[in-house]
Amino acid sequence: MTGLVIENVTKTYGAVTAVKDVNLNFNKGEMICFLGPSGCGKTTLLRMVAGLEDTTAGSITFEGKDLTHVPVHKRNIGMVFQSFALFPHLSVGENISYAMKIRGHSRSECEDRVKELLDMIHLPGIADRRITQMSGGQRQRVAIARALALNPEIFLLDEPMSALDANLRESMQIELRKLQQELGITTVVVTHDQTEAMTMADDIVVMGRAKIHQTGAPLDIYKTPANQFVAEFIGTSNLLPGKLTNPDTVTVSGSEMKFTNASAGLSAGDDVLLMTRPEDVFVHPTTDAPLENELQGTVTFIRDIGMTIEILVDCGHHEVTSIMTPKDFPEVKVGQQVYLEMPTSTCNVLAA
Ligand code: ATP
C-alpha cells in the first residue's frame, strides 16, 4: 500500500539548494534510511516530512493525504532528534507522556501508556527516574518511547545512534529495527553510517549534494551501485579504469574483462570503471587454465584480522584488494606473484 510519497521536492535557503527536485515513493510500514555525507540535505528532507521546514516546491503525501502545508502539530508524526531532546527536569514518565498531557489525556491514560511503552522498550518500572540518572542508551529508548506515545503514523529519527558508543550503537540498530517491524510503522531514519542503513532499512536512499544517487534495497545497492559515488560510499570497492569495447566487454590495462551490470547510458568507446567488491576477488598462487576475468600482480600487503584476510595486489596500473576467509586463503606471501579471478557475475561497469 502506498505510504510516503515525496514529489518534486526542493528546498532552498537563499542561494543554497539543500534539496533539489527529489522524488521518492515508499510503501506503508517500510523502514527507509536517508544515507549520505554531511551537508547532502538528508536532515532537511526529513524535516520537510516532519513539517519542521516548508518545502520551496513539490509535495509530500502519506497514504494519499497531502501533508505539504499541514503544520507540524497536525501531522501524525513522532520524531527522535540526534540529541534526544529530553527534558532534564522531568522524570522518564513525564517525558514520555508530555505530548499526551498537552492533548488532554487523563492521568490514568498517561500512566497506562507510559507503562506499556516502558515494557516495549525493555525498561519497565523506571517511570519515576530522572533523565539525568539514565545512560545514553536508556535515554535513547526513552526518546523513542516519547516519540511513539501518541501512536504516530510516521516515525522519524535524525541520526539516532550518533550519541552512542560503537557497541551500543550496533545493538540499538537491531533493537530499533525489531521494534519497527513489530509495530509495522512507516519509519524514516537519517544516517551517514552505511552499516547502520544496511542493518535497518527496507530501502536506502543514497544522497549526495542535494540530490538522490540511488534508491533501493540494501543488498541491491551494495551489489549493483548506480555510480562511482554510491560504489565508494557503500562498502569498499575496486574501481579499475578501462574502456568499454563491446556491450559486455571492457578493456582494463590491455585485458578483456566481462561484466554483468552496467550503469545506464554507456556506449562503446566510453571511459569506464570496472567495479568489484573485495570479497568477489579470489587470489590464486598458480593457475593451470585462464581464470574468469584474470589479472596478474604482486602481493604488497596482507592484513589478517582473524575473521577475514585482506590481500593487496599491485597489478601494474592499479592496486586490487581481495578479502578472503581464513578457510579459503591460499597462504600467499608479500612479494609473491599471484593470479586474480573476478567472476563476471560480480563485475559492474560504471561511468568514469
Ligand atoms: P549533516 O549530516 O551534517 O547533518 P545533512 O546531510 O543532514 O548534513 P542538511 O543539514 O540537510 O544536510 O543541510 C543541507 C545543506 O543545506 C547544507 O549546505 C546546509 O548548510 C544547508 N542548510 C541547512 N539548513 C539551513 C538553514 N536553516 N539555513 C541555511 N542553510 C541551511
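Two residues are in contact here when their C-beta atoms, placed from the backbone, lie within 7 Å. With that in hand, here are the views. The model is a predicted one, in which local features need pLDDT of at least 70 and side-chain atom pairs count only at pLDDT 80 or more, while totals for chains, interfaces and linings use all residues. Residue numbers start from 1 along each chain as its sequence is written.

**Figure 1. The whole protein.** Of the contacts with a separation of 6 or more, 67% join residues 24 or more positions apart. The C-alpha trace spans about 80 × 45 × 35 Å along its principal axes. The protein has nine helices and 21 strands; these are DSSP runs numbered from the N terminus, with helices being H or I of at least four residues and strands being E of at least two. Buried residues make up 37% of the 352 residues. A residue is called buried if 20 or more other C-beta atoms lie within 10 Å of its own, exposed if 12 or fewer do, and partly exposed in between, with C-beta atoms placed from the backbone.

Figure 2. Five residues of domain 1 are in contact with seven residues of domain 2. On the domain 1 side, the touching residues are two nonpolar, three polar and no charged. In this scheme Ala, Val, Leu, Ile, Met, Phe, Trp, Tyr, Cys and Pro count as nonpolar, Asp, Glu, Lys and Arg as charged, and the others, Gly among them, as polar.

**Figure 3. The shell around the ligand.** Which residues surround the ligand? They are Tyr-13, Val-16, Ala-18, Gly-36, Ser-38, Gly-39, Cys-40, Gly-41, Lys-42, Thr-43, Thr-44 and His-192, where a residue is near a molecule if its C-beta atom, placed from the backbone, lies within 6 Å of it. Strand 2 (16–27) and helix 1 (42–50) are the elements that give two or more residues to this shell. Helix 1 gives the most, with three residues. By class, the shell holds four nonpolar residues, seven polar and one charged.

**Figure 4. The largest nonpolar core.** A nonpolar core is a set of buried Ala, Val, Leu, Ile, Met, Phe, Trp, Tyr and Cys residues joined through C-beta atoms within 7 Å. The largest one has 88 residues, and the members touching the most others are Cys-33, Phe-34, Leu-156, Val-205, Val-206 and Leu-274. Helix 5 (residues 136–148) gives the most to this core, with six residues. At least three residues come from each of domain 1 (2–228) and domain 2 (237–351). Take a look at Phe-34: leaving aside neighbours within four places in sequence, Phe-34 is in contact with Lys-42, Leu-45, Leu-46, Val-188, Val-190, Val-205 and Met-207.

Figure 5. Is helix 5 largely enclosed or largely open? Ten of its 13 residues are buried, so helix 5 is largely enclosed by the rest of the structure. Among the buried residues are Arg-139, Arg-141 and Arg-146, along with Ile-144 and Leu-148. The cover over the buried residues includes strand 6 (77–80), helix 2 (92–96), helix 4 (107–120) and helix 6 (166–183). At 1.5 Å a residue, helix 5 should span 18 Å, and its end C-alpha atoms are 19 Å apart, which agrees; the expected span is 1.5 Å times one less than the number of residues. Gly-137 lies in helix 5 and is partly exposed, with 19 other C-beta atoms within 10 Å. Not counting residues up to four places away in sequence, Gly-137 touches Leu-164, Leu-168 and Met-172.

Figure 6. Asp-280 sits in the loop between strand 15 (271–276) and strand 16 (282–284). Asp-280 counts as partly exposed because 19 C-beta neighbours lie inside 10 Å. Beyond its neighbours within four places in sequence, Asp-280 is in contact with Met-342, Pro-343 and Thr-346. Ala-85, in the loop between strand 6 and helix 2, has phi near 50°, a positive value in a residue other than glycine. With 11 C-beta neighbours inside 10 Å, Ala-85 counts as exposed. Arg-209 lies in the loop between strand 9 (203–208) and strand 10 (211–216), and its phi is near 45°, also positive in a residue other than glycine.

Key: Domain bounds come from an automatic or database domain assignment.
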